[in-house]
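Trainee: Could you go through this model with me? I would like to start with the terms and then move on to the details.

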Amino acid sequence: MATAPARVPDLTALALLRDIACSGSMATAAEGLGLTVQAASARIRAAEQQVGGPVLERGRRGRRSSSLTTRGVLLVEWAGPLLAAAADLDVAVAALREEPVGEDAGEDTVVLAANPVVAECLLQGWLVELRDGPGGRVVLRDTPDPAAAVRSGDAAVGVVSTPGPLEDLHAATVASDPLVLVVAPGHPWSAADGVDATELAGTPLLTRPPGAGARPALEAALDAAGAGELAPPRREYAADAALRAAVRAGAGPAVLGRAVVAADVAAGSLVVVDVRGLDLTREFRAVWQEGTSPRGTARDLLRIATGGRIR
């Protein structure tokens, strides 16, 4: 069983070290992170204990200077992607905070209605681009029916992943994410020419719970192809990351978004299996009330989501 890494300093310590490298001053770096110099020194001391040696040079009296050791330089370089990812996660997590949003919230805040499938696949990238561009705040309204939330006025913008007409709403396609059937190397299907839709439907798969991940789109595709209902899953997983790991370990086949498994397929740890007679295209559409013109952050978010097609 995997355990938490014991030799990785906390994010604040890593950010502190990065800022010391940028400013050349412990005091300036500490102030920028809202720390006292004493608290910053404690963070650095803990980091040095974790990585097994000094990350800052010592002065004549043994005090830490603001010059990084070779170990400190390497730590800053290696921690760069982690800190960038943490900053992106931070802006996404902000959308999960349940804060009252009314008409007096202004144009800087927009309520976005989306189901977990949409949020997993698309939302973080949009929020990062919004943060790095025009700014503004997004509050996520988690709902299985985003279109209804927009019609009722509970959300200014929604994103739907279901096909078909949408009454009283404007709609614009924001992404098309093909689903793929994947197995581990060595699985019988990995050497096959493919499977047909009926065989896939009758095979217990590794899946997400009902209504989550790629499962709704897969069930809709099987129904449209007349392949029958999806067999009871071999096992359900709460997140795509856990599902991918199980497929890699040989626990069974799964249907996931192509983007989700791209790195695994490129590395050879997962194999894509062709599915004959089944359209696994999944389309996401942004929606807003018919007869309205989104303003402020709602308009900026739609511009980002549609690649600039919304003006």
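Mentor: Buried means under 20% relative accessible area, exposed means over 50%, and partly exposed lies in between, with a 1.4 Å probe and protein chains only. This is a predicted model, in which local features need pLDDT of at least 70 and side-chain atom pairs count only at pLDDT 80 or more, whereas totals for chains, interfaces and linings use all residues. Residues are numbered from 1 along each chain as its sequence is written, and side-chain values use heavy atoms, with hydrogens and water left out.

Trainee: OK, is Asp-264 buried or exposed?

Mentor: Asp-264 is buried, with a relative accessible area of 9%. Its side chain meets that of Arg-244 in a salt bridge (a side-chain nitrogen of Lys or Arg within 4 Å of a carboxyl oxygen of Asp or Glu), at 2.8 Å from N to O. Asp-264 lies in helix H10 (residues 258–267) and Arg-244 in helix H9, so the pair ties together parts that are 20 residues apart in sequence. Arg-244 is partly exposed, at 21%. Helices (H or I, at least four residues) and strands (E, at least two) are DSSP runs, numbered from the N terminus.

Trainee: How many salt bridges does the rule give?

Mentor: The count comes to 12 salt bridges. Among them, Asp-10 and Arg-43 pair at 3.1 Å, N to O; Asp-10 sits in the segment before helix H1 (11–23) and Arg-43 in helix H3 (residues 37–51), so this bridge ties together parts that are 33 residues apart in sequence. Asp-10 is partly exposed at 36%, and Arg-43 is partly exposed at 31%. There is also a network of salt bridges that links Asp-88, Arg-131 and Asp-132.

Trainee: And what does Arg-215 pair with?

Mentor: Arg-215 forms a salt bridge with Glu-236, the closest N and O atoms being 2.9 Å apart. Arg-215 belongs to helix H8 and Glu-236 to strand E10 (residues 235–236), so the bridge ties together parts that are 21 residues apart in sequence. Arg-215 counts as buried at 11%, whereas Glu-236 is partly exposed at 38%.

Trainee: Switching topic: which residues have the most contacts inside the largest nonpolar core?

Mentor: A nonpolar core is a set of buried Ala, Val, Leu, Ile, Met, Phe, Trp, Tyr and Cys residues joined through side-chain atoms within 4.5 Å. The largest one has 27 residues, and those with the most contacts inside it are Leu-112, Leu-122, Trp-126, Val-138, Val-159, Val-174 and Phe-284. Elements that each supply at least two residues include strand E3 (109–114), helix H5 (116–132) and strand E4 (137–142), and H5 gives the most, with seven.

Trainee: What does Val-138 touch?

Mentor: Taking contact as heavy atoms within 4.5 Å, and leaving aside neighbours within four places in sequence, Val-138 is in contact with Ala-94, Ala-95, Val-110, Leu-112, Leu-127, Leu-130, Thr-297 and Leu-301.

Trainee: Last one, where is Asp-168, and what is its phi?

Mentor: Asp-168 lies in the loop between E5 and E6. Its phi is near 65 degrees, a positive value in a residue other than glycine. Most residues other than glycine have a negative phi. Asp-168 is partly exposed, with a relative accessible area of 49%.
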